[in-house]
Amino acid sequence: MTATTGAKPLVNAYASGRLAKPVPWALLGATLLVSAVSFVFIWMAEPETEYNIAAAVFLGVVGYAAAIYVVSRLVEGPRPAMNRLITTLVVLTFVIALLPLISLMFTVIVNGLPRFDATFFTWSMRNVVGEGGGAIHAIIGTLLMTGTAALISIPVGLLTSIYLVEYGRGPLARAITFFVDVMTGIPSIVAGLFAYALFTLIFGPGVRLGIAGAIALAVLMVPVVVRSSEEMLRLVPNELREASYALGVPKWLTVLKIVLPTSMAGITTGVMLAVARVIGETAPLLVAAGFTTNVNWNLFDGRMQSLPVFVYSSYVSQGTNAAASLDRAWAGALTLIVIVMLLNLIGRLVARVFAPKVGR
Amino acid sequence: MTAPTDRNRPVQRLGDRVFSGSALAAGSMILGALALVAGFLVLQSVPAFTTPPDEISILGDKNLWDYAWPLIFGTIWAAILALVIAIPISIGIALFISHYAPRRLAQSLGYIVDLLAAVPSVVFGLWGGNVLAPLVQPFYVWLWESFSWIPLFAGPPSGTGRTILTAAVVLAVMVLPIITAISREVFLQTPKLHEEAALALGATRWEMIRMTVFPFGRAGIISASMLGLGRALGETMAVAMVLSATGLVTFNLISSGNPSTIAANIALSFPEAYGTNVNVLIATGLMLFAITLIVNALARIVVNRRKAFSGAN
């Protein structure tokens, strides 16, 4: 929040005793340069090692933090110096958070592209040993199980949020709100164990079914849908509801024809994000649906592979050709990321394009 | 309906009754589902407690508590390490987005951090095992050479880098977006008048943040960290794929002997488990469920109390 004026008098009482604007940048450049040069010397002393860019940048930044503090303390005093140091650290944390994201995206794309081909999307792993093979069975399984989970959890979640916003008063509504919050924190593997325990009771021990995976995902998805739809329904202005009541429209029609259409864009976004969250879940599917190498279209018969579990099993049991298996894992990871990012993107686009027009 | 005494009562139509009934049913179903989750887990874990330990192969020759204790320790230890790394960084990011970044950039920067939350955990595991672990291994060697007098870095360093510290770093990256998102919202709710009053008294930006933003957002930071803790406790795949666990109880961060976590142990052992072994794993799952339930409930109580007296919302 620095307020600058265009005109600069020769002696500015407000600018004296302050560092000029380019000074921090110059300091940063200088420390980075010094650090880079000193690491060149280290590298020349031991030419067989690689030039350590990461360490050079790291040392340069740390040097900058120290330098800006000292310089600012000398020129501006201890309080502004502290301020500058904290500013440096805050910006630094953001850069640190970006590093894993960039590294992750980069490695997934680079390692995933070699097997991101037609074979990968048309072959299953049936009778495939070593190279080749694909993930069509996993993609089918993921679509079936996530779709079923969505079919279960969207009506339940939406109706619950309608209950909480439009009808719910008193202890039951408070209990539901609290337990939905608690349910958001259920570890995904516990949801998988629950689905497994449920179907063991019906079909006997050791059973792995696609529908069990779908139930586990639904348990994880419902609270997310409830939370996001509830927030969206609360955003609908009360004037709209009251106008509808004033015209004699019953409450259920008001909800159906006024409240829901107004908040539809937000609800769709929430559902998209919830699907994006559960489509990458591995642990519950590993426990409840197991893994297989075959295409399985039937949710109620036998094990079903899914994309995250495919990535996991390709990584853990690499078989005779470890490199080929690892390549498949990366390609699966790339596919997953593409799907998740697409869902996120579509969700945000829907929110932006179909948002109710205000001030009409 | 025509009687004047009835005019004050709202008209109940069939549609109304069906609609509110189904909404109520859906809401109750959630409570029922949560009760079912707890019920089935308890039911399925009973055999693990009643069967004599020497008849359960997965336990080796230990009893259930001796089997579960290193796992519980590992779960909590890894989660705490992850939080120690993640909390300062998340607060920094949240401050950067709410108070430091140019206003126009702030929202897109928020999206970028949210992207981290969208990455599936199995991809984090793949990345942590294949990229991060080899990357940090030389650093562990250096830590051991320089700081082996600290018990945390007693070493000897793992040759693969798949230690509990690496797993904690991956966990930290995964909980970052959660803590950041909540703290950011809380920081943005700081009353503008407080901030401006601090600045008007001549405070620097850091002093303004320390005097107005932090006191206002303290409860928010605490509850955000608790939610992050809940997430880190229950995270499965990232730990299962990164950590090479041996089941020791140790505070040593960089050696090749590491405690496993409950969730990772279930994921690794469940596909091959049979008979009462399954019940043992479900019993450990129940313990995990109980731990996360307590942590999350505490977090929610803190959030709700703050809402109640601050007048926000």
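Reader: Which residues touch the most other members of the largest nonpolar core?

Author: As a general idea, in soluble globular proteins nonpolar side chains tend to be buried together. In this predicted model, the largest nonpolar core holds 185 residues, and Phe194(A), Val219(A), Met221(A), Ala82(B) and Leu171(B) touch the most other members. Domain 1 (22-111) and domain 2 (121-353) of chain A each supply at least three residues to this core. The C-alpha centres of these two domains of chain A lie 42 Å apart.

Reader: With which residues is Leu171(B) in contact, leaving aside its neighbours within four places in sequence?

Author: The contacts of Leu171(B) beyond those neighbours are Ala78(B), Ala79(B), Ala82(B), Ala232(B), Glu235(B) and Ala238(B). Ala82(B) is also one of the core residues named above.

Reader: How many residues of chain B are in contact with chain A?

Author: On chain B, 67 residues are in contact with 71 residues of chain A. Helix 1 (residues 14-50) of chain B gives the most to that side of chain B, with 19 residues. By residue class, the side of chain B that touches chain A comprises 48 nonpolar, 14 polar and five charged residues.

Reader: Which elements of chain B have the lowest and the highest mean pLDDT?

Author: Chain B averages a pLDDT of 83, and 93% of its residues score at least 70. Among its elements, the lowest mean, 79, belongs to helix 10 (residues 276-310), and the highest, 91, to helix 6 (residues 192-200). Over residues 308-313 of chain B, pLDDT stays under 50, and the model has three contacts beyond four places in sequence for them. For the model, ipTM is 0.84 and pTM is 0.86.

Definitions and conventions:
Residues are numbered from 1 along each chain as its sequence is written. Chains are lettered from A and ligands numbered from 1 in the order in which they are written. This is a predicted model: local features need pLDDT of at least 70, side-chain atom pairs count only at pLDDT 80 or more; totals for chains, interfaces and linings use all residues. A nonpolar core is a set of buried Ala, Val, Leu, Ile, Met, Phe, Trp, Tyr and Cys residues joined through C-beta atoms within 7 Å. A residue is buried if 20 or more other C-beta atoms lie within 10 Å of its own, exposed if 12 or fewer, and partly exposed in between; C-beta atoms are placed from the backbone. Domain bounds come from an automatic or database domain assignment. Two residues are in contact if their C-beta atoms, placed from the backbone, lie within 7 Å. pLDDT is the predictor's confidence in each residue, from 0 to 100. Helices (H or I, at least four residues) and strands (E, at least two) are DSSP runs, numbered from the N terminus. Ala, Val, Leu, Ile, Met, Phe, Trp, Tyr, Cys and Pro count as nonpolar, Asp, Glu, Lys and Arg as charged, and the others, Gly among them, as polar.
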